[in-house]
Amino acid sequence: MKKLHLAAMILAGMTFGMPTTGAYAAQGKTSCGSASWYALKSRTASGEMMNPAAMTAAHKTLPIGTKVKVTNLKNSKSVVVRINDRGPFVRGRLIDLSKGAAQKLGFIGAGHARVQIEPADGSGCLLYTSDAADDTPCV
């Protein structure tokens with residue numbers, strides 16, 4: 001019975017984007033990298049419909065539901081977004097933001113920007129695994 005329960009928990013974690021033991025490692029207070037935006041009308045990894053006007057984002061490994069503060073390093077504008085999707089699937093990109101979030105950060109026209117992401121809850125740590133090509137420590 002315990003094995004069945006453990007298997008169900010692991011499957012739920014893989015299905016709903018929740019961390020399982022050993023799947024995520026603390027990477028520090030902030031991370032910097034390239035952000036882009038998207039505005040599709042499809043279902044996100046969380047199961048909800050993508051709302052281009054909402055303050056949401058896609059990240060490869062942050063747990064679904066995580067809230068992060070994203071700051072455009074060029075103009076210092078910030079927004080808090082909720083991770084509700086998986087991506088980006090372009091090498092070198094750290095996060096994909098909804099069109100609404102990108103608009104508040106001021107990079108709709110450019111299409112991408114260098115950003116810093118940090119936990120919105122003030123906990124001091126983001127929990128995720130990283131692809132070294134996608135993010136770098138913020139100095």
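**Before the close-ups.** In these legends, a residue is buried when its relative accessible area is under 20%, exposed when over 50%, and partly exposed in between (1.4 Å probe, protein chains only). This is a predicted model, in which local features need pLDDT of at least 70 and side-chain atom pairs count only at pLDDT 80 or more, while totals for chains, interfaces and linings use all residues. Residues are numbered from 1 along each chain as its sequence is written, and side-chain values use heavy atoms, with hydrogens and water left out.

Figure 1. Helices (H or I, at least four residues) and strands (E, at least two) are DSSP runs, numbered from the N terminus. Read from that end, their order is α-β-β-β-β-β-β-α-β-β-β. Of the 139 residues, 35% are buried. Take contacts, meaning heavy atoms within 4.5 Å, between residues at least 6 apart in sequence: 74% of them join residues at least 24 apart. The accessible surface is about 7900 Å², and carbon and sulfur atoms account for 60% of that area; the areas come from the Shrake-Rupley method with a 1.4 Å probe, and for residues only the protein chains shown count as cover.

**Figure 2. The salt bridge between Glu48 and Arg82.** A salt bridge here is a side-chain nitrogen of Lys or Arg within 4 Å of a carboxyl oxygen of Asp or Glu. Side chains of opposite charge can pair when their charged atoms come close. The search of the whole structure finds 1 such bridge, and in it the Glu48 and Arg82 side chains meet at 3.1 Å, N to O. Glu48 sits in the loop between β2 (31–38) and β3 (56–58) while Arg82 belongs to strand β5, so the pair ties together parts 34 residues apart in sequence. Both partners are partly exposed: Glu48 has a relative accessible area of 28%, and Arg82 has 27%.

**Figure 3. Ser46, in the loop between β2 and β3.** Ser46 is partly exposed, at 30% relative accessibility. Its side chain makes a polar contact with that of Thr44 (2.8 Å). Such a contact is a pair of N or O atoms within 3.5 Å; within protein, one must be able to donate a hydrogen and the other to accept it, and residues adjacent in sequence count only if both atoms are side-chain atoms. Setting aside neighbours within four places in sequence, Ser46 is in contact with Ile64 and Asn84. Look also for Asp85, 39 residues away along the chain from Ser46, with 6.1 Å between the two C-alpha atoms.

**Figure 4. The largest nonpolar core, with 18 residues.** A nonpolar core is a set of buried Ala, Val, Leu, Ile, Met, Phe, Trp, Tyr and Cys residues joined through side-chain atoms within 4.5 Å. Val70, Val81, Ile95 and Leu97 have the most contacts inside this core. Two or more core residues come from each of β4, β5, β6, α2 (99–105) and β7. Leaving out residues up to four places away in sequence, Leu97 touches partners including Trp37, Val70, Val81, Leu105 and Phe107.

**Figure 5. Gln116, a buried residue in strand β7 (residues 112–119).** The relative accessible area of Gln116 is 18%. Its side chain makes a polar contact with the Glu118 side chain, at 3.2 Å.

**Figure 6. Two backbone details, at Ser76 and Pro88.** Ser76 is not a glycine, yet has a positive phi of about 65 degrees. Ser76 lies in the loop between β4 (67–72) and β5 and is exposed, at 57% relative accessibility. Gly87 and Pro88 are joined by a cis peptide bond, with omega about -5 degrees. Pro88 is found in the loop between β5 (78–85) and β6 (93–98).
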